[in-house]
Amino acid sequence: MASFNKLKNVLMLAFDWILYSAGAADTCQVTVTQPRFQEADYSMHTVYLTCAFSASGCPSSSPQVLWFRFLTNKHEDLCTPGCTDHQKYKVHSPTENNISLQINDLTVDDNAVYICGIAFSDSSSPHSKQTGDGTVLTKTAENQHSNGNLIFIFMIIASTLLFLYSTTVFTFFIVYKLKPKLLKKSGKDQRENCKIRSGRKIFQAIAQELQKQRYAEHCGQPDDLEDDTVYQNR
């Protein structure tokens, strides 16, 4: 980060040296803003880096738009203001105070810090030439994207297995808690069934006994009548 700030200061000094010229607009004030980060998917081949600026007290002439990029140990001039590679880089101005850098044939080698600079060459004010804080461009490699998909699938599988495990443990816990009650209820039902069967057996025995008594009474009644008739004839 220290080397980046050092290179940025050197760049500002280069602005002052290149664009230093006579001018009356000493109150020119320029402010440049850039998004801090921008990510590009591995499938993207073109990306647009945006840059916005505001100017007050500056000449009415159009400012120069400059683009640089900082790699690990060096910086490269991309468009100052003409682009070094017109097939690779193109500068667009969709609105008056908005600038964008188009990068074609995007690869992971284009990962860098991109700096946008605005300079009013007709002004001698030290604030008429400013740069943004830079946009960190990162393009993911295809294998990183595949690894991300594998990690996502693995997380889904792990979550599913964890859910099944939790459900199984919960089911065993419920069965373990309810088992004594179920066994107790089953024993109680069995005892009640035994009582019912015993009562049925007793009732059947009583019914059979009563039936025998009635049969005996019914079969013994004619003998009694015959005895009475003989006695009366005598």
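Leaving aside neighbours within four places in sequence, Ile-118 is in contact with Val-30, Val-32, Phe-53, Pro-63, Gln-64, Val-65, Ile-99, Ser-128, Lys-129 and Gln-130. Contact here means heavy atoms within 4.5 Å. The structure is a predicted model, in which local features need pLDDT of at least 70, side-chain atom pairs count only at pLDDT 80 or more, and totals for chains, interfaces and linings use all residues. Residues are numbered from 1 along each chain as its sequence is written, and side-chain values use heavy atoms, with hydrogens and water left out.

Ile-118 sits in strand S8. Helices (H or I, at least four residues) and strands (E, at least two) are DSSP runs, numbered from the N terminus. Ile-118 counts as buried because its relative accessibility is 0%. Buried means under 20% relative accessible area, exposed over 50%, and partly exposed in between (1.4 Å probe, protein chains only). Lys-129 is 11 residues from Ile-118 in sequence, and the two C-alpha atoms are 5.7 Å apart in space.

The protein chain holds 2 helices and 10 strands. From the N terminus on, the order is α-β-β-β-β-β-β-β-β-β-β-α. The chain has 234 residues, and 24% of them are buried. Of the contacts with a separation of 6 or more, 67% link residues 24 or more positions apart. The accessible surface comes to about 16900 Å², with 58% belonging to carbon and sulfur atoms. Accessible areas come from the Shrake-Rupley method with a 1.4 Å probe; for residues, only the protein chains shown count as cover.

The largest nonpolar core has 24 residues. Such a core is a set of buried Ala, Val, Leu, Ile, Met, Phe, Trp, Tyr and Cys residues joined through side-chain atoms within 4.5 Å. Trp-67, Leu-101, Ile-103, Tyr-114 and Ile-118 have the most contacts inside this core. At least two core residues come from each of strand S1 (29-33), S3, strand S4 (64-70), strand S5 (75-79), strand S7 (98-103) and strand S8 (112-119). Another core, of 5 residues, lies apart from it; among them are Leu-66, Phe-70, Val-113 and Ile-115. Not counting residues up to four places away in sequence, Leu-101 touches Val-47, Tyr-48, Leu-49, Trp-67, Leu-78, Cys-79, Tyr-89, Lys-90, Val-91 and Tyr-114.

The loop between S7 and S8 holds Asp-110. Asp-110 counts as buried, because its relative accessibility is 4%. With residues up to four places away set aside, Asp-110 touches Arg-69, Lys-88, Tyr-89, Ile-103, Asp-105 and Leu-137. Asp-105 lies in the loop between S7 and S8. Asp-105 counts as exposed, because its relative accessibility is 58%. Its phi is near 50°, a positive value in a residue other than glycine. In the loop between S5 and S6 is Pro-81. A cis peptide bond joins Thr-80 to Pro-81, with omega about -15°.

The largest pocket has a volume of about 240 Å³. A pocket is an open set of points on a 1 Å grid over the protein atoms alone, where a 1.4 Å probe fits, with protein on both sides within 12 Å along at least five of seven lines; lining residues have an atom within 4 Å of a point. The volume is the space filled by probe spheres set on the points. The lining has 15 residues, of which Phe-53, Ser-62, Pro-63, Glu-96 and Asn-97 lie nearest the pocket centre. Strand S3 (47-56) and strand S6 (89-95) are the elements that give two or more residues to this lining. The lining divides into 8 nonpolar, 6 polar and 1 charged. Ala, Val, Leu, Ile, Met, Phe, Trp, Tyr, Cys and Pro count as nonpolar, Asp, Glu, Lys and Arg as charged, and the others, Gly among them, as polar.
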